[in-house]
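The sequence and structure are shown first.

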Amino acid sequence: MVIGSKHIIAFYMNEQNYSLTKISCFTGYIVQAVIVNLAPIFFIIFQNDYNVSYSALANLIFMMFLAQLIIDALSIKLSDIFSLRAITMTANIMAALGLIGLSVLPRVMDAYTGIMLSTLVSSIGAGFIEVIISPIIDAMPHSSSKASMSLLHSFYCWGQMLTVLVSSLVLMAIGNDAWSYIPLAWAVIPTINIFLFAFAPLPEMVTASERTPLKTLFGSRNFIILMLLMLCSGATELSVSQWASLFAEKGLGVSKTIGDLLGPCLFAVFMGTGRVIFGLCGNRLNYKKALSLCATGALICYFTMIFVPVPLIGLFGCAMTGFCVSLMWPGTLSLTSSLFPLGGMSIFSIAAICGDLGAAFGPWIAGQVSDAVQSSATFASISDSVGITIDQIGLRVGLLVCAVFPLAMIIAVNMIKHDDKTINKEKI
């Protein structure tokens with residue numbers, strides 16, 4: 001029997017070591033975590049030094065995820081035009097340039113404009129990272145995709161924890177006036193990852209001709225529900241993580257350093273721990289039931305932060321929200337991939353669009369509502385009567401409005417049916 005070149009290549013792809021690829025992907029999610037979570041650490045500095053309002057900060061978050069959303073939409077076609085290697089390297093180049101820009105641009109131009117431009121550039125990189133790395137992990141041979149997906153997303157959490165912990169401690173050591181050196185230091189990680197992806201072996205992806213058509217996907221009731229779950233996942237997670245530092249300091253009355261460490265940092269630790277646990281469970285987990293339980297837990301945590309007046313309990317509710325949302329994003333991706341096994345890049349791009357829509361609108365809504373409450377005479381009188389600052393009331397009401405997202409997720413996940421024609425034989 002003659003063994004052709006295709007057989008040799010197929011054998012090599014199945015047997016080769018993907019360790020460098022996994023390291024590159026895991027590092028990529030750390031890069032994304034730096035991009036998403038670094039700027040919120042400086043929110044109070046932006047407010048004090050540049051007179052940036054809550055609404056302007058909310059707009060910054062919204063623009064960050066809007067840029068990622070646009071990249072998500074474009075990636076469906078770009079993945080057919082450019083190679084995986086080109087996209088992954090470009091993603092890290094943009095991430096590095098954006099972080100360098102955050103360090104430099106506010107010094108040489110209007111500060112808020114510089115912050116916006118640098119955030120836009122790094123967010124483009126984050127968008128490519130988000131939409132390309134999950135399908136790379138999903139396409140690797142001989143791997144448990146669900147376990148690998150959850151483990152992959154845990155690196156976002158560890159990246160978030162490191163970003164908050166290291167940045168907060170360095171900021172405390174060097175002072176707020178030297179904050180611009182911190183983004184420059186973080187830019188080293190995506191710079192290194194450019195070279196890692198230059199040499200990492202990359203798996204074969206589902207081609208455009210093999211891919212389930214978009215018309216078929218959007219004609220499926222289950223697919224629509226799953227995309228709604230992605231939207232709610234992004235909103236539930238980011239509404240807390242993006243405002244956790246500010247909420248802890250002004251909403252719960254603790255210091256900035258304590259707020260950073262016990263707010264977003266502890267949130268990330270709990271979220272990462274949850275993803276590692278769910279990753280160890282792998283394919284044994286009933287994802288439909290687990291997602292419903294996670295959404296219920298997140299709703300309880302929201303109410304704890306909003307209504308319990310004891311700061312430590314409020315911070316515990318913030319941290320536990322991290323654990324409850326840990327499965328939402330990777331779990332919904334894994335469930336979607338298993339129900340639509342030939343969806344390829346399309347399902348990851350559309351899922352990323354929906355997740356980023358939620359990630360953009362959730363924190364934005366919280367910020368807009370908070371600003372509106374703080375300018376309300378009615379809430380000002382309530383603040384005087386109950387002895388809670390108007391900042392605290394505003395942030396709590398903003399989060400209360402965003403509690404609609406975990407509530408909607410509880411309802412939506414239980415609407416997934418087993419008789420959809422696109423479902424494979426795996427039991428949910």
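The sections below treat the cavities, the salt bridge, the surface patch, selected helices and selected residue pairs.

The model is predicted, so local features need pLDDT of at least 70 and side-chain atom pairs count only at pLDDT 80 or more, while totals for chains, interfaces and linings use all residues. Residues are numbered from 1 along each chain as its sequence is written, and side-chain values use heavy atoms, with hydrogens and water left out.

## Interior cavities and the salt bridge

Five cavities of 30 Å³ or more are present in the structure. A cavity is a set of points, on a 1 Å grid over the protein atoms alone, where a 1.4 Å probe fits but cannot get out; lining residues have an atom within 4 Å of a point. Grid points are joined across faces, edges and corners, and the volume is the space filled by probe spheres set on the points.

The largest cavity holds about 140 Å³ of space. It is lined by 13 residues, of which Q32, E130, Y156, E237 and W329 are the closest to its centre. At least two lining residues come from each of α2 (19-41), α4 (54-81), α7 (145-174) and α11 (221-241). The helix that gives the most is α2, with three residues. Helices here are DSSP runs (H or I, at least four residues), numbered from the N terminus.

One salt bridge is found in a search of the whole structure. The term denotes a side-chain nitrogen of Lys or Arg within 4 Å of a carboxyl oxygen of Asp or Glu. The partners are E237 and R275, whose closest N and O atoms are 3.7 Å apart. This pair links distant parts of the chain, since E237 belongs to helix α11 and R275 to helix α13 (residues 256-281), 38 residues apart. Both E237 and R275 are buried; buried means under 20% relative accessible area, exposed over 50%, and partly exposed in between (1.4 Å probe, protein chains only).

## The nonpolar surface patch

I100, V104, V108, M109, L117, L120 and L184 make a nonpolar surface patch of about 540 Å². The elements that give two or more residues to this patch are α5 (84-108) and α6 (111-139). Of these, α5 contributes the largest share, three residues. Patches are made of residues with over 30% relative accessible area and no salt bridge; nonpolar side chains (Val, Leu, Ile, Met, Phe, Trp, Tyr) are joined within 5 Å, and like charges within 9 Å. Accessible areas come from the Shrake-Rupley method with a 1.4 Å probe, and for residues only the protein chains shown count as cover.

Helix α8 (residues 181-186) is the place of L184. L184 counts as partly exposed because its relative accessibility is 40%. W186 is also placed in α8, but with 11% relative accessibility W186 counts as buried.

Helix α17 (residues 344-374) has 31 residues, which at 1.5 Å a residue should span 45 Å; its end C-alpha atoms are 46 Å apart, in agreement. The expected span is 1.5 Å times one less than the number of residues. Because 24 of the 31 residues of α17 are buried, this helix is largely enclosed by the rest of the structure.

Helix α15 (residues 311-325) has 15 residues and should span 21 Å, and its end C-alpha atoms are 21 Å apart, which agrees. Its buried residues include G314, L315, G317 and C318.

## Residue pairs brought together by the fold

| Pair | Separation in sequence | C-alpha to C-alpha distance |
|---|---|---|
| F42 and S167 | 125 residues | 9.5 Å |
| W186 and A96 | 90 residues | 8.3 Å |
| G297 and M320 | 23 residues | 8.3 Å |
| I382 and I393 | eleven residues | 8.9 Å |

F42 is found in the loop between α2 and α3 (43-50), and its relative accessibility of 0% makes F42 buried. G297 is placed in helix α14 (residues 287-307) and is buried, with a relative accessible area of 15%. I382 lies in helix α18 (residues 377-386), where its 34% relative accessibility makes I382 partly exposed.

Notes: 1 Å grid on protein atoms, 1.4 Å probe; cavity = no way out; pocket = protein on both sides within 12 Å on 5 of 7 lines; lining within 4 Å.
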